[in-house]
Amino acid sequence: MSPTKIIAVLGATGNQGGSVADVFLSSPGWSVRALTRNTTSAKAQALASRGAELVRADMDDPATLSEAFAGVHAIFAVSDFWGLYGDPANKDRPAPGQPLNVWAAEHEVRQLKNVIDAAAEVDSLERFVFSGLSNATKWSRGKYTHVYHFDSKARAEEYIRETYPALWARTSVFQAGLFLSNFVGNPIMRPVKNKDGVAQFIGNIDVDVKLPFIAAEEDSGHFVKALVQEPAGKNVIGYREWLTHRELAAIFSQATGIPAEAVQLPEGQSKVASPPELKLELDDNFAYWNEFGYEARDDPTVIHPRDLATLGKLDTVYNYFKKFDWAKILDEA
């Protein structure tokens, strides 16, 4: 019987990390070291009850990362720009005159560099799976420079490649697509019901641009397992279906029985009010997706789910929408 290998999962109680922990807890030959800042939380204890080893790790504390990575064979590294941006405790941390989202991006890069520095010292490490996103500034050729939550991850990915060639040789990148959960709980993307009872998917995204849709809390682990099993050097855009918003609205209607349509707002208009610095980021974000693609369609290194030989069949967008009480969600929107 082959010895058990260990995967260290950052953010093990979150969307992506939770899915990774779930899949590897059910994978023979693997044990899960679940890394979290709060090992006493209900989600952490639920992982422990299934056999995960709980280890406290803080991306702001490099010493905890070195200890948490000791002896592991794989690491899944994920960061949380929106958690940094949305945490009230961080609102006064930017320098004078520095927008909060700029601070959040810079802090996210620092956190990821801490993770990368620690991972580079792990002799037992066979695979480093990095949760990244495309470089909007680079692939738009400097046209869209305010997509901080994409570029921060891309900058950290560049740090691996430029600083640690040996670690880069053991690295694959997982780009999580557009979260389907945003349509359930995010006011910016949640559909709204008009006076005729039609669920409208309203936003600044071109309704005929194809986008990668993923249920990150369900699908991420399957992608990461494939990236751990297969040779390193992959850069996969993760999704269960590749759809336009027009197609997404049609699937929503089929799954729920609620008539639906996709609506693109005129340039300059927003569905919800945002602070000026965030509006600038979101405007650039959606314009970048429209023009250059969520995944940077000009990036020759990007591969798709079909290119992963060991990735099994994922569930459908139809089934994801089917799970929720949309009458209640639409009434609350």
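Two strands pair if DSSP finds at least two bridges between them. This model is predicted.

Three strands form an open sheet with mixed pairing, in the order 7-10-12. Strand 7 and strand 12 stand at the edges with a single partner strand each, so one side of each is left without a neighbour in the sheet. Strand 7 pairs with strand 10 in the parallel sense, over two bridges. There, L178 has F213 of strand 10 as its bridge partner. Helix 11 lies across strand 7, strand 10 and strand 12. Its direction is at about 115° to strand 12.

| Element | Residues |
|---|---|
| Strand 7 | 178-179 |
| Strand 10 | 211-214 |
| Strand 12 | 241-243 |
| Helix 11 | 245-256 |

**The cores.** The largest nonpolar core has 49 residues. L180, F183, F213, L248, Y288, W289 and F321 touch the most other members. Helix 12 (residues 276-292) supplies the largest share of this core, six residues. Another core, of 30 residues, lies apart from it and includes A52, F179, A216 and A226. Leaving aside neighbours within four places in sequence, L180 is in contact with F213, I214, A215, R240, L248, V317, Y320 and F321.

**Helix 3.** Which residues of helix 3 (residues 62-69) are buried? They are T64, L65, A68 and F69. Seen down the helix axis, the buried residues fall within an arc of 125°, so they line one face of helix 3. They pack against strand 1 (5-9), strand 2 (30-36), strand 3 (53-56), strand 4 (74-77) and helix 5 (100-119). After helix 3 comes G71, with a positive phi near 75°.

How values were computed. Residues are numbered from 1 along each chain as its sequence is written. This is a predicted model: local features need pLDDT of at least 70, side-chain atom pairs count only at pLDDT 80 or more; totals for chains, interfaces and linings use all residues. Side-chain values use heavy atoms; hydrogens and water are left out. A nonpolar core is a set of buried Ala, Val, Leu, Ile, Met, Phe, Trp, Tyr and Cys residues joined through side-chain atoms within 4.5 Å. Buried means under 20% relative accessible area, exposed over 50%, partly exposed in between (1.4 Å probe, protein chains only). Helices (H or I, at least four residues) and strands (E, at least two) are DSSP runs, numbered from the N terminus. Contact means heavy atoms within 4.5 Å. Axes are lines fitted to C-alpha atoms, for helices over the stretch in contact, and angles run from 0 to 180 degrees between N-to-C directions. The arc is that of the directions from the helix axis to the C-beta atoms.
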